[in-house]
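Open the model in a viewer and keep a selection panel ready.

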Amino acid sequence: MPQAAIYREYGDSSVLEITDVPMPEPGPGMVRVKVAYSSVNPVDSKFRAGTLSDGSPLAGPTITGMDLAGTVDAIGEHVTGLAVGDRVAGLAPGGAAAEYAVTYAAALVKVPEDVDLKVAATIGVGGSTAVRALGLAGVEEGQLIFVDGAAGGVGTFLTQLAIARRVQVIGTASAANQEHLASLGATPIDYAGDWETAAREAAGGRTFDAAFDLVTGGKVEALRRLVGADDKVVTLLDPEVGERGGIIVTGLEPGFENALQEIIDAVAAGKVTVPIAQTFPLSEIARAQDLSAAGHVRGKLVISIAG
Ligand SMILES: NC(=O)c1ccc[n+]([C@@H]2O[C@H](COP(=O)([O-])OP(=O)(O)OC[C@H]3O[C@@H](n4cnc5c(N)ncnc54)[C@H](OP(=O)(O)O)[C@@H]3O)[C@@H](O)[C@H]2O)c1
């Protein structure tokens, strides 16, 4: 039987175990992927801890992780456009940290031969969220944006996608990531200081066209001051932004069916590079999730499964 990283109850990372699971079978519209790599997102820890549940107990053993890359191994009914042997990457909401995972064909894209599957495994949540956030804010060539948390998982994609569209990016990171953020093409600001003043100075009198809260929430007032309008503040986390007419990215917005394709194309074209902070074996996924949950990863953490 193949192995997977599962949890049987909500809790801290100690609830994770590597165990044998039945070989999953792809239903209609689905494929089975022989997983080479998975990558870690903060949401993995949130699901595992139960903070995104409605208070009900876990329904049953659950495979952790959402991002994967690998090779199509079996095809369900009504799947078109993918064949056994195709290199693919994307999202497996039913669990990605496993030797074999099933997911909807629509949640995958083909990976060009010259893109490493290890890199491709990072695009699912972070990349598609970045495409959504930029799209919902209507960011266009020539604009100026502010990004809080620009060197993290989502920020790495969003910053580089924006710069590839000839958008000027002023973004925050810790002192340790200032140089790294500059290397992505953004003007870096240390979030530990008076970042609002520093952002205004870096903008040189221009008003920001959009401000992205990718990290903390609770900054809505300052972000609003930077853009001068509630509806140009975009958040992944802060409900107050929504209450004030700003944009909340939920991951469920229609109209972004090509988000994964846009990211993999940008990676293949060299417009987006993905710093991989660390790679862990499946047996150390608990350590990787703890590191992710601490909130200071530069780029992405990868789990090597059959890479
Ligand atoms: N709504 C959605 O659809 C959606 C989708 C994806 C993610 N999310 C959520 O969005 C958040 C970010 O995700 P991610 O994958 O980008 O996380 P991540 O990879 O952990 O990145 C976090 C980034 O935040 C920065 N940071 C930490 N403390 C900060 C502070 N006080 N001020 C400004 N920046 C700070 C870190 O920079 P340093 O390392 O330099 O400290 C790091 O680069 C997570 O909570 C995630 O669950 C939501």
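**Two packed helices**

Select helix H1 (residues 42-49) and helix H10 (residues 285-293): they pack at an angle of about 105°, with axes 8 Å apart. Axes are lines fitted to C-alpha atoms, for helices over the stretch in contact, and angles run from 0 to 180 degrees between N-to-C directions. H1 is therefore roughly perpendicular to H10 (a term for angles of 65 to 115 degrees). Helices (H or I, at least four residues) and strands (E, at least two) are DSSP runs, numbered from the N terminus.

Now show Pro42, Asp44, Ser45 and Arg48 of H1 with Gln289, Ser292 and Ala293 of H10, which make the contact (C-beta atoms, placed from the backbone, within 7 Å).

This is a predicted model: local features need pLDDT of at least 70, side-chain atom pairs count only at pLDDT 80 or more, and totals for chains, interfaces and linings use all residues. Residues are numbered from 1 along each chain as its sequence is written.

**The sheet**

Next, select the open sheet of six strands, ordered S11-S10-S9-S12-S13-S14 with parallel pairing (at least two DSSP bridges between two strands). Strands S11 (187-190) and S14 (247-248) are at the edges, each with a single partner strand, so one side of each has no neighbour in the sheet.

Go to S9 (residues 144-148), joined to the parallel S10 (residues 168-173) by four bridges. Phe146 stands opposite Ile170 in S10.

**Helices on the sheet**

How values were computed: Angles under 35 degrees count as roughly parallel, over 145 as roughly antiparallel, 65 to 115 as roughly perpendicular and the rest as oblique. Two residues are in contact if their C-beta atoms, placed from the backbone, lie within 7 Å.
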